[in-house]
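Have a look at it first, then read on.

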Amino acid sequence: MEKVASDLGVSFISYDIDIPDQVAKADELVRKFGDWSEDYLIPQVFVETKEGRIHHVFTGYSESVDSTKHALNNLLNSPLFAKVNQRASR
Amino acid sequence: MTPRCYGHCKEPAGFEFKDDSMIVQVCPDRYVSRIVKYGSQVNPDYFKGALRGLASGLEGVESSDIRVASRYAWDLGFNRENDDLMVRLAYWTQSYRRTKNESADRAALFFCSNKDSFFMQLMNSSNRFCRNCKG
């Protein structure tokens, strides 16, 4: 994700729920815009537009890490990130 | 790759449809690793209530055991340009980070091989049928 953000020329912010200073920010983001539950699934990915709107675009899979990786790869190859893929193919 | 059984053994644990809104992840011994409720919307509280009623003797189903997820077209592999929500899921994982009892004799939730009912039995049991089907 960090590389995708770099290719797009946008900021990348990561909140680690195992780090005390970051968990509150992560909780707020998930509670407001994501898939909130008391012990919410991770990772969760959000995109903020230039207008300042935040969109939830991905939640990890409880089934397995492999499922999460596969689905995340689908996301990164989706039309949502088409501009990144177009640049990479040049 | 088929996910592995969680909390019972290391065997592959596939997913089976219980009905048109519920999927059960079970290993070859029919131990339930996860139950997934799905639909256009899911209600975690309602799901918790439904779980508690699955089998007599099932204990310890708490709100913290239920986690939700939104699935969109892209992460399901559909090539769509919009961000329509495809389905909402609620996951329940049996014994997820809760029980301190590692005894093989503890009771756990199993899914009958006839795929129509849940039942409780000891973790180390080799039986794969509920009482009604076992005969």
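This is a predicted model: local features need pLDDT of at least 70, side-chain atom pairs count only at pLDDT 80 or more; totals for chains, interfaces and linings use all residues.

Let's start with the overall build. Chain B has two helices and seven strands. Read from the N terminus, they come in the order β-β-β-α-β-β-β-β-α.

| Feature of chain B | Value |
|---|---|
| Box filled by the C-alpha atoms, along the principal axes | roughly 50 × 30 × 25 Å |
| Residues that count as buried, of 135 residues | 34% |
| Contacts joining residues at least 24 apart, among those between residues at least 6 apart in sequence | 40% |

Now for the inside. The largest nonpolar core has 30 residues, and those touching the most other members are B:Val26, B:Tyr31, B:Val32, B:Leu89, B:Ala90, B:Tyr91 and B:Phe110. Which elements give two or more residues to this core? They are β2 (22-26), β3 (32-39), α1 (44-52), β4, β5, β6 and β7 of chain B. Zoom in on B:Ala90 and, once neighbours within four places in sequence are set aside, you'll find it in contact with B:Lys37, B:Val42, B:Pro44, B:Phe47, B:Ile66 and B:Val68. There is also another core, lying apart from the largest one; it has eight residues, including A:Tyr61, A:Ala71, B:Ala73 and B:Trp74.

Next, the place where the chains meet. Here 21 residues of chain B are in contact with 22 residues of chain A. On the chain B side, β4 (66-72) and β5 (85-93) each supply at least two residues. The largest share, six residues, comes from β4(B). What classes of residue make up this side of chain B? It has nine nonpolar, six polar and six charged residues.

One last stop is B:Asp116, which sits in the loop between β6 (107-111) and β7 (118-122) of chain B. Is B:Asp116 buried or exposed? It has 12 other C-beta atoms within 10 Å, and a residue with 12 or fewer counts as exposed, so B:Asp116 is exposed. B:Asp116 and B:Asp19 are 97 residues apart in sequence, yet their C-alpha atoms are 8.6 Å apart in space.

Technical notes: Residues are numbered from 1 along each chain as its sequence is written. Chains are lettered from A and ligands numbered from 1 in the order in which they are written. Helices (H or I, at least four residues) and strands (E, at least two) are DSSP runs, numbered from the N terminus. A residue is buried if 20 or more other C-beta atoms lie within 10 Å of its own, exposed if 12 or fewer, and partly exposed in between; C-beta atoms are placed from the backbone. Two residues are in contact if their C-beta atoms, placed from the backbone, lie within 7 Å. Ala, Val, Leu, Ile, Met, Phe, Trp, Tyr, Cys and Pro count as nonpolar, Asp, Glu, Lys and Arg as charged, and the others, Gly among them, as polar. A nonpolar core is a set of buried Ala, Val, Leu, Ile, Met, Phe, Trp, Tyr and Cys residues joined through C-beta atoms within 7 Å.
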